[in-house]
Structure formats: C-alpha cells, structure tokens
Amino acid sequence: MTDAAFFDRAAAEYDRSHRRHVPVSEEFYGAAVAAIPYGPDDSIRVLDLGAGTGLLSAMVAAKLPRSHVTLVDASVEMLRVARQRFSGEPGRFEYRVMDYAREPLPGAPPGDDRGYDVVVSALSIHHVADGDKRGLFGKVHNALVEGGIFVNADQTPGETPQADKNATLKAQLAWMEEAGFEEVVCVYENERFVVYGGRKARRDLSTERTDG
Ligand SMILES: C[S@@+](CC[C@H](N)C(=O)[O-])C[C@H]1O[C@@H](n2cnc3c(N)ncnc32)[C@H](O)[C@@H]1O
C-alpha cells in the first residue's frame with residue numbers, strides 16, 4: 001500500500017488517534033508555531049507540506065488570522081477532512097493533492113508570484129527517502145521569499161539507538177544548510193519528536209554590482 005492509500009484509509013480516524021500516537025502533541029506543535037516570527041497583523045503566505053487533516057495548519061491559521069494557507073498532501077481523503085475543518089473560511093485555504101517530494105511545489109496564491117513567507121510541515125517529511133529530503137529542502141528554499149522561514153516538526157527514527165537519532169537530526173540540519181538556509185536551529189527535542197528550521201537569506205543589495 002502506498003503512503004497515500006494508507007492515509008486515505010486512516011483519514012476518518014486520524015484526528016482521534018493522533019493524541020494517542022503523539023502524546024506531546026500540544027507542546028510539539030506549539031514549538032513549531034512559536035518558531036514562526038509573525039503575528040496577527042501579518043498578511044503572509046503559508047505552505048503546509050503533508051498537511052493531512054490540517055492540524056498544524058489550524059494552529060498556524062489561529063496564530064496568524066490574516067494568513068493565506070496552501071495545504072499540500074498526497075492523500076485526497078486527508079485533505080477532504082481538512083476542507084471540512086476550514087469550510088467556514090472559504091478562499092483563505094487552498095488545497096493541492098500532490099507528491100511534494102517528486103513534483104514542483106505549488107506557487108503562492110493566484111496572482112501572487114512572490115513565494116511563501118513560511119513553509120511548515122509536521123510528521124510528514126520522515127516518510128520521504130533521505131535522498132529526496134535533500135532535494136526537498138532545496139525546493140522549499142526556492143519556494144520561499146527572501147527572509148522566509150521553514151519550520152519542520154517531525155520524528156527521527158525511534159527504534160534506532162540514541163546516537164543514530166542524533167546523527168539523523170544532525171544530517172537534516174546539515175542538509176538545510178546545504179540547501180542555503182541560514183540560522184538553522186533545532187528548537188524542540190523530546191524523545192523522537194523534533195522541531196527545527198531555518199531562514200532563507202535576504203540578498204545584500206549593497207554589495208551587488210550595478211551596471212552603468
Ligand atoms: C502523519 S500525517 C501528518 C499530517 C499533518 N501534518 C499532522 O501533523 O497531523 C503525514 C501526512 O503526510 C502526507 N505525505 C507523506 N508523504 C508525502 C508526499 N511525498 N507528498 C505529499 N504528502 C505526503 C501523508 O499523505 C499524510 O497525510
């Protein structure tokens with residue numbers, strides 16, 4: 001069964017079983033939301049990779065009531081639950097059924113080609129093979145505006161020894177830097193759950209050559 005087929009079948013029960021599988025959900029997702037350096041007055045564009053039923057998107061949207069959120073997921077049924085969750089605010093949320101590891105990331109809202117201010121993800125990127133993760137971090141970097149940030153709340157392999165876990169997190173932070181992110185930092189770590197992120201650099205216009 002593909003991941004999409006698995007999550008299609010799990011969608012109806014996903015929210016109910018989430019708490020059981022992620023006992024630290026509140027502080028874990030809370031750490032990801034707290035790492036987003038914007039507030040209620042900011043009209044920003046957010047992309048949620050592997051958004052599922054919209055649990056993280058909902059927390060981000062509550063913190064940033066003027067944001068526009070694009071939810072991407074390979075599972076039609078997970079996004080169906082998300083559409084219901086956000087049905088009271090038509091137009092503010094956009095949905096794309098796609099494999100974000102293999103396909104180009106969607107652009108920011110129609111008529112707005114500036115890119116995203118924030119890309120978030122929760123418990124999704126660990127489904128992606130390591131080789132594809134590295135490529136994905138590059139695509140996320142490209143999809144962001146200058147100064148935009150990427151925050152990933154995810155799990156490192158729980159069944160491997162502690163040293164492997166640390167190596168995996170270390171490797172992911174290194175891939176973030178390799179993709180061009182600055183200020184790469186892990187802001188939360190609790191057993192297998194981690195939240196890390198980084199910022200896309202702003203171009204330093206003062207050092208750029210001008211012709212003429
Ligand atoms: C455990 S759920 C997490 C959902 C949500 N982010 C949350 O925190 O509740 C993982 C989600 O990632 C999605 N996913 C995994 N790999 C994906 C890929 N390559 N492209 C799109 N979605 C993917 C799955 O379909 C699933 O909905």
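The legends below describe close-up views of a predicted model.

Residue numbers start at 1 in each chain and follow its sequence as written. Because the model is predicted, local features need pLDDT of at least 70 and side-chain atom pairs count only at pLDDT 80 or more, while totals for chains, interfaces and linings use all residues.

**View 1. The chain has six helices and seven strands.** Helices (H or I, at least four residues) and strands (E, at least two) are DSSP runs, numbered from the N terminus. Starting at the N terminus, the order of elements is α-α-β-α-β-α-β-β-α-β-α-β-β. Of the 212 residues, 36% are buried, that is, with 20 or more other C-beta atoms within 10 Å of their own, the C-beta atoms being placed from the backbone.

**View 2. Seven strands form an open sheet with mixed pairing, in the order 3-2-1-4-5-7-6.** Two strands pair if DSSP finds at least two bridges between them. Strand 3 (93-97) and strand 6 (181-190) are the edges; each has a single partner strand, so one side of each lacks a neighbour in the sheet. On average, neighbouring strands are turned by 15° against each other, direction ignored; axes are lines fitted to C-alpha atoms, for helices over the stretch in contact, and angles run from 0 to 180 degrees between N-to-C directions.

**View 3. Strand 5 (residues 144-155) pairs with strand 7 (residues 193-200) in the antiparallel sense.** The pairing covers seven bridges. Q155 is opposite F193 of strand 7.

**View 4. Helix 3 packs on the sheet.** Helix 3 touches strand 1 (45-49), strand 2 and strand 4 (116-122), and its direction makes about 170° with that of strand 2. Contact means that the C-beta atoms of two residues, placed from the backbone, lie within 7 Å.

**View 5. The largest nonpolar core has 50 residues.** Such a core is a set of buried Ala, Val, Leu, Ile, Met, Phe, Trp, Tyr and Cys residues joined through C-beta atoms within 7 Å. A32, V119, V120, V151 and V195 have the most contacts inside this core. Apart from neighbours within four places in sequence, V120 contacts A32, V46, D48, L56, V60 and V151.

Conventions. Buried ≥ 20, exposed ≤ 12 C-beta atoms within 10 Å, placed from the backbone.
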